[in-house]
Amino acid sequence: MGYSFDDFIYDAKKAIDKMGEKTGAAVEYSKTQVEKAQLKGKLREKYCDLGKLCYEMHERDIDYTGSMKKLLEQIREIETQIEEADIMLGVPKICPLCGTKNAADNTYCTKCGEKLK
């Protein structure tokens, strides 16, 4: 028996489904890239706010320790969100000790065992 029209329809449907999956993955990747860029912008703002508080503390001798602690918590949260985005994007982690590229979800370096950030 040969290749029938039904076989053609079945193969075409499989190909279209596969393209849909790839398109969906590309859209998710793009969305994650945009979210990461937005998080980096927020992080820069928080660092600026922290710098302003430090300056005010120095210049006016006012204690903003509580506000600084809140900002530091927000900074840590944003950094965690950026790390999660990097994992989703598959961005490799570079070992701070030996410089080896490691998988995005690794906790320790595969070459030297150093804890990765």
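Of the 117 residues of the protein chain, 21% count as buried in this predicted model. The accessible surface of the chain comes to about 9,100 Å². Carbon and sulfur atoms hold 56% of that area.

The secondary structure comprises 2 helices and 2 strands. Read from the N terminus, the order of the elements is α-α-β-β. The radius of gyration is 24 Å, well over the 13 Å that the globule rule gives for 117 residues, so the chain is more spread out than a compact globule. The C-alpha trace spans about 90 × 35 × 15 Å along its principal axes.

Charged side chains number 20 positive and 21 negative. The centres of the two sets lie 3 Å apart.

Ser4 sits in the segment before helix 1. Ser4 is partly exposed, at 30% relative accessibility. From Ser4 to Thr32, the sequence separation is 28 residues. The C-alpha atoms of this pair are separated by 42 Å.

Helix 1 covers residues 5-60 and includes Met19. Met19 counts as exposed, with a relative accessibility of 51%; the cut-off for exposed is over 50%. Met19 and Lys52 are 33 residues apart in sequence. In space, the two are 50 Å apart, C-alpha to C-alpha.

Lys36 also belongs to helix 1. Is Lys36 buried or exposed? Its relative accessible area is 12%, so Lys36 is buried, given that buried means under 20%. Contacts of Lys36 were listed without residues up to four places away in sequence. On that basis, Lys36 touches Ile82, Ala85, Asp86, Leu89 and Val91.

Leu53 counts as buried, at 15% relative accessibility. Neighbours within four places in sequence were again left aside. The remaining contacts of Leu53 are Tyr64, Ser67, Met68 and Leu71. Leu53 and Leu71 are 18 residues apart along the chain. Their C-alpha atoms are separated by 9.7 Å.

Between helix 1 and helix 2 runs a loop that contains Asp61. Asp61 is exposed, with a relative accessible area of 71%. The phi angle of Asp61 is near 55°. This is a positive value in a residue other than glycine.

Lys69 counts as exposed, at 54% relative accessibility. Along the chain, Lys69 and Leu50 are 19 residues apart. The C-alpha atoms of Lys69 and Leu50 are separated by 9.5 Å.

The cysteines were then considered. How many disulfides does a search of the whole structure find? The search finds 0. A disulfide is a covalent bond between the sulfur atoms of two cysteines. For Cys98, the closest cysteine sulfur is that of Cys109, at 3.6 Å. For Cys109, the closest cysteine sulfur is in turn that of Cys98. The cut-off for a disulfide is a sulfur pair within 2.5 Å. The 3.6 Å between the sulfurs of Cys98 and Cys109 is therefore too far for a bond. The two cysteines were also assigned to accessibility classes. Cys98 is partly exposed, with a relative accessible area of 32%. Cys109 counts as buried, at 5% relative accessibility.

Notes: Residues are numbered from 1 along each chain as its sequence is written. This is a predicted model: local features need pLDDT of at least 70, side-chain atom pairs count only at pLDDT 80 or more; totals for chains, interfaces and linings use all residues. Side-chain values use heavy atoms; hydrogens and water are left out. Helices (H or I, at least four residues) and strands (E, at least two) are DSSP runs, numbered from the N terminus. The radius of gyration is taken over C-alpha atoms; the globule rule is 2.2 Å times the number of residues to the power 0.38. Buried means under 20% relative accessible area, exposed over 50%, partly exposed in between (1.4 Å probe, protein chains only). Accessible areas come from the Shrake-Rupley method with a 1.4 Å probe; for residues, only the protein chains shown count as cover. Lys and Arg count as positive and Asp and Glu as negative; His and the chain ends are not counted. The place of a charge is taken as NZ of Lys, CZ of Arg, CG of Asp or CD of Glu. Contact means heavy atoms within 4.5 Å.
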